[in-house]
Amino acid sequence: MTRYIIKRLLGLIPVIIGVSICAFLLIHLIPGDPARAILGERATPESLAAVREQLGLNDPLHIQYLRFMGQLIQGDFGRSVITNSLVIEEFAERFPATMELSIAAMTIAILVGVLAGVISAVKQYSWFDNISMIGALFGVSVPIFWLGLMMQWLFAFKLGLLDASARLSVELRLDNITNFYVLDSILTGNWEALFDSLKHLILPSLALATIPMAIIARMTRSSMLEVLRQDYIRTARAKGLKEKVVIFRHALKNAFLPVLTVMGLQFGTLLGGAVLTETIFSWPGIGRLMYEAIMQRDFPVVQSGILIISLIFVFINLVVDILYSFVDPRIRVN
Amino acid sequence: MSETVLNLNDTQQPRNETRESKGLWADAFNRIVRSKSSLIGLIIVAIFLLVALVAPVIAPYDPINDSDLVKRLEEPSGQHIMGRDSQGRDIFSRLIYGSRISVQIGVISVSFALILGVSLGAAAGYYGRWLDGIIMRAMDILLAFPSVLLAIAITAVLGPELRNAMIAIGVVYTPHFARIVRSTVLSVKAAEYIEAARSIGCSDLRIIMRHVLPNCIAPIIVQTTLSVGTAILDAAALSFLGLGAQPPTPEWGAMLSDGRSYIQKAPHVMIFPGMAIMFVVLGFNLLGDGLRDALDPRLKQ
C-alpha cells in the first residue's frame with residue numbers, strides 16, 4: 001500500500017510541473033504587452049516599467065519560469081497588482097467559504113444522487129426510474145448559472161424563504177474560528193447565526209450540486225444494474241437475506257467503486273463550477289475571487305489562482321485513487 | 001436447482017437478432033428512430049438547426065436594431081410573445097437569431113478540438129514511443145485543470161471575445177478526442193490489414209487516413225455530438241461572465257447576463273434564453289447517448 005502511494009505521488013511530479021508551466025505561460029498568452037493589458041491604455045511609462053519589473057517580464061522566459069518555480073516552492077504565489085496583497089493570503093482567507101459550499105453541495109449530490117440511483121436500479125423502468133433519469137438528463141443539460149438565478153427569483157424574491165446572496169445577514173455577528181460559518185455558529189452556540197447561515201447556504205449549494213447529483217445518479221443506476229444481475233446477489237437472496245441487506249450491503253458496496261471515481265472527479269469540477277455559482281450568489285470564496293481578478297485584469301491572481309485550484313484538483317483525484325485502491329485491492333496490482 | 005433456474009432464464013430470452021442488416025449507418029438510424037429518447041434528441045437538434053437556417057424568415061423583428069427604449073422590459077404579449085429586453089428589443093427574435101450563434105459556437109469550437117485532438121491522438125498512437133509520451137502527458141496536463149476554469153482563464157488572457165471563447169473551448173475539449181483516437185489506433189495498429197497496407201507501400205498518412213481512422217468514426221461521432229451540447233453550455237457560461245459574446249450580439253448566455261440585473265422586475269428576460277440553452281443541450285445529450293447505443297450496440301446493457 002505504501003509503495004503504491006509513493007508510486008502515485010512520484011507520478012504526480014511531471015503533472016505538477018506541466019500544470020505550473022501552463023499556469024506560467026498563461027500570462028504570456030496575453031496579446032501584446034501584459035503590463036499594458038493590466039494597467040490599461042492610459043498607463044504612464046513609469047507605472048508600466050514598474051509592473052514589468054514586479055512581474056519580472058524583462059528577463060528571458062526560462063529565467064522567469066525558474067524564478068516563478070523557486071518562489072512557488074517557498075510558498076510565494078505573488079502579489080495582486082490591484083491590491084498589492086499576497087495572493088496566498090487572499091486564497092487562504094476565502095478558501096473556507098468555497099470548501100463550505102463545495103462540501104454542502106457534494107453532500108446533497110451524494111445523498112440524493114446515490115439514493116435516486118439505487119431506487120431507479122432496483123425498480124428499473126418504474127415511474128420513479130423514468131422521472132429521476134429524465135431529471136438527471138435535465139440536470140446535466142441546464143446552465144447552472146441560470147438555474148441558480150431562477151432559484152433566487154423563486155425562493156428568495158418571490159417566496160422570501162431563503163437568502164440569495166452572501167454567507168450571513170449583515171446585522172448578525174459571528175465569532176470566526178474555522179471560517180466555516182455553519183461550524184463556527186455551532187461551536188459558539190450561536191443558533192441564530194446557524195439558522196441564518198444555513199438559509200444562505202441552501203440555494204448556492206443546491207445550484208452547485210445539480211450537475212454532480214445528476215451524474216452520480218446515472219452512474220449509481222448503471223453500476224447497480226450491472227451488479228444486481230450477478231450470481232452472488234441471487235445467492236444472497238436465495239439465502240433468505242432481507243432485500244434491504246442485499247441491496248445496501250451486498251450490491252451497493254460493489255456498485256460503489258465507479259461511483260466513487262465519479263465523485264472524486266466531480267468534487268474537482270465543483271471548484272470550476274464555483275466561479276459561476278459564487279458569482280451569482282455573491283459568495284465570498286475563491287471562485288468569486290477569480291472572477292473579480294479576471295474582471296480587473298489582475299493576472300498574477302488569475303495565474304496563481306488557476307495553479308492553486310488545479311493543484312487542489314490533482315490532489316483530490318490522487319486521494320480518490322488511493323481510496324479506490326483501498327476499497328479494491330486489484331487496482332494496486334495493475 | 002440453481003442450474004434449472006439458469007436454463008429457464010436463458011430460454012426465456014427472446015432472440016430476434018436474425019433481422020437483416022442494412023449496413024452500419026442505416027441500422028444506426030433505425031435504432032435511433034426506434035428509441036424514444038434519442039428520437040426526441042434528434043427532433044430537438046433538427047428543429048434547432050432549422051431555426052438557425054431560416055432565422056431571418058421566421059424572426060418577426062430585427063434582433064439588434066428594432067429597439068424601443070420606452071417599452072423596455074415589457075412583459076410577454078400577443079405582439080412580443082416572449083416580451084422585450086432591457087433595450088426594448090423583441091426577445092423571441094433575439095432567441096431565433098441566437099441559435100445561429102450557438103450553431104457557430106458548436107461547429108467552430110468542436111471542429112477545432114476534433115481536428116487537433118484527432119491529429120494528436122492518431123500521431124501518438126501510430127508512432128508511439130517518445131511522441132506518444134509527450135503528446136499524452138500534455139493531454140493529461142490539460143485534463144488536470146477543471147475544464148470550465150481553464151476555459152475562463154484562457155478567454156480572460158486572450159481577451160473577452162466570442163472568437164477567443166471558442167478557441168478556449170476547443171483547447172479544453174481536445175484531450176478527450178485525442179484519448180479516444182489514440183486508444184482505437186493502438187488497438188488496430190498491430191492488425192494484419194495494417195501490415196498488409198504497409199507492405200504494399202502505403203504512406204503513413206494514407207494508412208492513418210484510410211485504414212486506421214475509419215475504425216474510430218463511431219466513438220468520434222458520439223463524442224462530437226455530446227461536445228457540441230457542452231460547448232454551447234460552456235460558451236453561454238463564458239458570455240454570461242462577460243468573457244464571450246459581447247452586447248448587442250444576441251447570444252443566449254449574453255442575453256442571460258443582460259437579464260440578470262432585472263431578475264426581480266422582469267424575470268421573463270431571463271427565463272426564455274435559459275430554457276433555449278437547456279433544451280438544445282438536452283437535445284444533443286439525448287442524441288449523443290442514442291448514437292452511442294446505436295453505433296455500438298455491445299455497449300448497451
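**Interface of chains A and B**

Between chain B and chain A the count is 1 salt bridge, meaning a side-chain nitrogen of Lys or Arg within 4 Å of a carboxyl oxygen of Asp or Glu. Its partners are the side chains of Asp289(B) and Arg218(A), at 2.7 Å, N to O.

Some conventions. This is a predicted model, where local features need pLDDT of at least 70 and side-chain atom pairs count only at pLDDT 80 or more, while totals for chains, interfaces and linings use all residues. Side-chain values use heavy atoms, without hydrogens and water, residues are numbered from 1 along each chain as its sequence is written, and chains are lettered from A in the order in which they are written.

In contact, that is, with heavy atoms within 4.5 Å, are 41 residues of chain B and 43 residues of chain A. The two chains bury about 3900 Å² between them, 79% of it on carbon and sulfur atoms; this is accessible area (1.4 Å probe) lost on being put together, summed over both. Of the area that chain B buries against chain A, Leu149(B), Val157(B) and Leu241(B) supply 16%, more than any other three residues.

Now the cavity. The search of the whole structure finds 1 cavity of 30 Å³ or more, a cavity being a set of points on a 1 Å grid over the protein atoms alone where a 1.4 Å probe fits but cannot get out. Which residues line the largest cavity? Asp85(B), Arg94(B), Met255(B), Asp258(B), Val269(B) and Pro273(B), where lining residues have an atom within 4 Å of a point.

Key:
1 Å grid on protein atoms, 1.4 Å probe; cavity = no way out; pocket = protein on both sides within 12 Å on 5 of 7 lines; lining within 4 Å. Points joined across faces, edges and corners; volume = space filled by probe spheres on them.
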